[in-house]
Amino acid sequence: MAEKPLITFDKVRKSYGMGEAQVHALAGVDLSIRRGEFVAIMGPSGSGKSTAMNIIGCLDTPTSGRYGFMGVDAGRLDRNRRAVLRNLYIGFVFQGYNLLPRTTAVENVELPLIYRGVPHGERRKRALEALDQVGLSGRQNHTPAELSGGQQQRVAIARAIVTTPTLLVADEPTGNLDTARTHEIMELMTRLNNEIGLTIVMVTHEPDVAGYAKRTIGFLDGHIASDTLNREAA
Amino acid sequence: MIWETVRLALRSIRRNVLRSFLTLLGIVIGVAAVIAMITIGSGTTEKVKGDISKLGSNLLVVRAARPERGGPASFTPRQLEEKDLLGLRKGLTNAKAVSAASQSTVRVVYGPENIAASVTGTDIEFFTARDWNVSSGRIFTESEVRGGANVCLVGQTVRQQFFGAGDPEGIAIRVNRTSCKIIGVLESKGTSGFGQDQDNVVMMPLGSFQRRVSGNRNIDTIYVAAQDGIATSDVQDSIEAILRDTRRIAPDADNNFEVRDMTQIADAMASATTTMTGMLGAVAAVSLLVGGIGIMNIMLVSVTERTREIGIRLAIGAHEKHILIQFLVEATVLSLLGGLIGIALGLSLAGLASLTLSIPFAPSIPIILLAVGFSALIGMVFGFFPALRGARLDPIDALRHE
């Protein structure tokens, strides 16, 4: 296919510290991810998978090398330009849900739209639609404290997709959930990947969870150690 | 967007009602103190100005000079005398009225009741000079003044005390053990700016006062009313020239009397008020500074507490300026709230004071607006550093913050 990849890593390096104490979290990584892919990133702690995810999510920039996102050299953009990229094209789901406390579900989901300048009425409408998409209609006025872990993660997913992003970045999205809830969340993400063609990059250390993805990339010591297509999902 | 941010700020303030309130206390106290004092101060000034203008701006007051503490030892005080009065009456061509008055506070008795009242001995021209009239009855006649007749006028308070609503004309009261017959009731003058009841008075001819009350021939005060259209300073110069002559003051000696006009007295009051306002301003500045530091402190706490929230907002696409504005607005709303509470409190205090001190309630709109603007400014200035600190956070670190 001639279509350009959504994400390209070209000899991406990320180092922390100086001199002898310098640590290379990423030691020259090449990678490309196309639109519509569902990728699981695995690896032990310290392997560089979180660093890679932060760069993919435009939260961080490489020390050297090129990170291309939608054909843009995103690694060279300043803070505020990257904030615009995140707001327009990227949704985030975190392990700890990261919802605003004492704020209702629908208001949490509206949040990214506020920074886009979407007027109140339309914002509310789109937030309710997103909540409906994740199966939480009727819960819009509950605060996070009144929702179960699985429900909170659904709210977080609704917040991530309310902007109809191109890419969903998920950082151990099921890390705090039991098996049944994990299954539900992964089903939901699979559905979003299949139905609306949402590109998903998910960091996990659970092989079961990674099994829902179509492709698994294994990191080790700042390098990509394995890159396999999952037969089951494909 | 701004409205959104203000709502957000109000919500976050409501979440910590007690903490917000304690933070505000500095601003509240500072603003309340300033508003209360300035409102009371301008009420007092208004009252005093009103009293002075009631006295008449063309009035000059002549008194014997009192020896100054630490002044020259050679100074010998000398009372005003009848020949000073006669000299002025004869010499002044630009005066509408020249009147002598002596005053003393003595016991006034009617039947079983007695009160302490201010008793003044004076003449007919007094009523012209002081622009004061009777509400019923009549003032003294020429012959009553000349002969020192036992007649008197009473103020509204004295009438009220002795006769209630009744008509006291023709009735005799006792002033300092001698009897005098009431011939009229004076118009009400109310309370003076210095808190004196100006209606608790008895007036009698100067001669009767000197003989029966004071027991000497002294004159306390000479009132001179300038003719309309004549500058009081011109009249003042004439008075000084005449008195230096009647009192035989050597050309190189200082005056042993003083002449003041009402504008000078008004100016003295005004300059005292200005000094007080300046001092208040300094006190207010200190208290607002303390309030501002309190706000900075609590905003730093708030930013730290909400590091994760900032991380979330930054991750989903907030710009630095969005975070900056959010916390700036919060600090501004907080201190503005303090300012508004302070204004309400200050005005209530001033209202209470104006009731108890019977001075006019004179809230100043410019001062209130200034207080509103200043408290908003405090929030912006002292909220800026904490807000900037929040806005500069790295989203990855902020999200990891526990």
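This is a predicted model: local features need pLDDT of at least 70, side-chain atom pairs count only at pLDDT 80 or more; totals for chains, interfaces and linings use all residues.
**Exercise 1. Overall form of chain A**

Determine whether the radius of gyration of chain A agrees with that of a compact globule.

Solution. 
Step 1. Chain A contains 234 residues, and a compact globule with that number would have a radius of gyration near 17 Å.
Step 2. The value for chain A is 18 Å, which agrees.
Step 3. The C-alpha trace of chain A spans about 55 × 40 × 40 Å along its principal axes.
Step 4. The secondary structure of chain A consists of seven helices and 10 strands. Of its 234 residues, 48% are buried.
Step 5. Among contacts in chain A with a separation of 6 or more, 66% join residues 24 or more positions apart.

**Exercise 2. Packing of α3(A) with α5(A)**

Classify the relative orientation of α3(A) and α5(A), and identify the residues in contact.

Solution. 
Step 1. Helix α5 of chain A comprises residues 149-161, and its axis lies 7 Å from that of α3(A), at an angle of about 30°.
Step 2. Angles under 35 degrees count as roughly parallel; the two helices, α3(A) and α5(A), are therefore roughly parallel to each other.
Step 3. The crossing of α3(A) with α5(A) is right-handed.
Step 4. From α3(A), the contact draws on Ala105(A), Asn108(A), Val109(A), Leu111(A) and Pro112(A); from α5(A), on Val155(A), Ala158(A) and Arg159(A).
Step 5. By class, the residues of this contact are six nonpolar, one polar and one charged.

**Exercise 3. Packing of α1(B) with α11(B)**

Classify the relative orientation of α1(B) and α11(B), and describe their contact.

Solution. 
Step 1. In chain B, helix α1 covers residues 2-15 and helix α11 covers residues 320-356; their axes come within 9 Å and cross at roughly 60°.
Step 2. The two helices, α1(B) and α11(B), are therefore oblique to each other.
Step 3. Their crossing is right-handed.
Step 4. Residues of α1(B), including Thr5(B), Val6(B) and Leu8(B), meet residues of α11(B), including Ile325(B), Gln326(B) and Glu330(B).
Step 5. The residues of the contact between α1(B) and α11(B) comprise nine nonpolar, three polar and one charged.

**Exercise 4. The side of chain A that touches chain B**

State how many residues of chains A and B are in contact, and which helix of chain A supplies the largest share of its side.

Solution. 
Step 1. The contact involves 19 residues of chain A and 17 residues of chain B.
Step 2. On the chain A side, α2 (79-89) and α3 (105-114) each contribute at least two residues.
Step 3. The largest share, six residues, is supplied by α2(A).
Step 4. This side of chain A has 10 nonpolar, five polar and four charged residues.

Notes:
Residues are numbered from 1 along each chain as its sequence is written. Chains are lettered from A and ligands numbered from 1 in the order in which they are written. Axes are lines fitted to C-alpha atoms, for helices over the stretch in contact, and angles run from 0 to 180 degrees between N-to-C directions. Helices (H or I, at least four residues) and strands (E, at least two) are DSSP runs, numbered from the N terminus. Angles under 35 degrees count as roughly parallel, over 145 as roughly antiparallel, 65 to 115 as roughly perpendicular and the rest as oblique. A crossing is left-handed if the near helix is turned anticlockwise from the far one by less than a right angle, and right-handed if clockwise. Two residues are in contact if their C-beta atoms, placed from the backbone, lie within 7 Å. Ala, Val, Leu, Ile, Met, Phe, Trp, Tyr, Cys and Pro count as nonpolar, Asp, Glu, Lys and Arg as charged, and the others, Gly among them, as polar. The radius of gyration is taken over C-alpha atoms; the globule rule is 2.2 Å times the number of residues to the power 0.38. A residue is buried if 20 or more other C-beta atoms lie within 10 Å of its own, exposed if 12 or fewer, and partly exposed in between; C-beta atoms are placed from the backbone.
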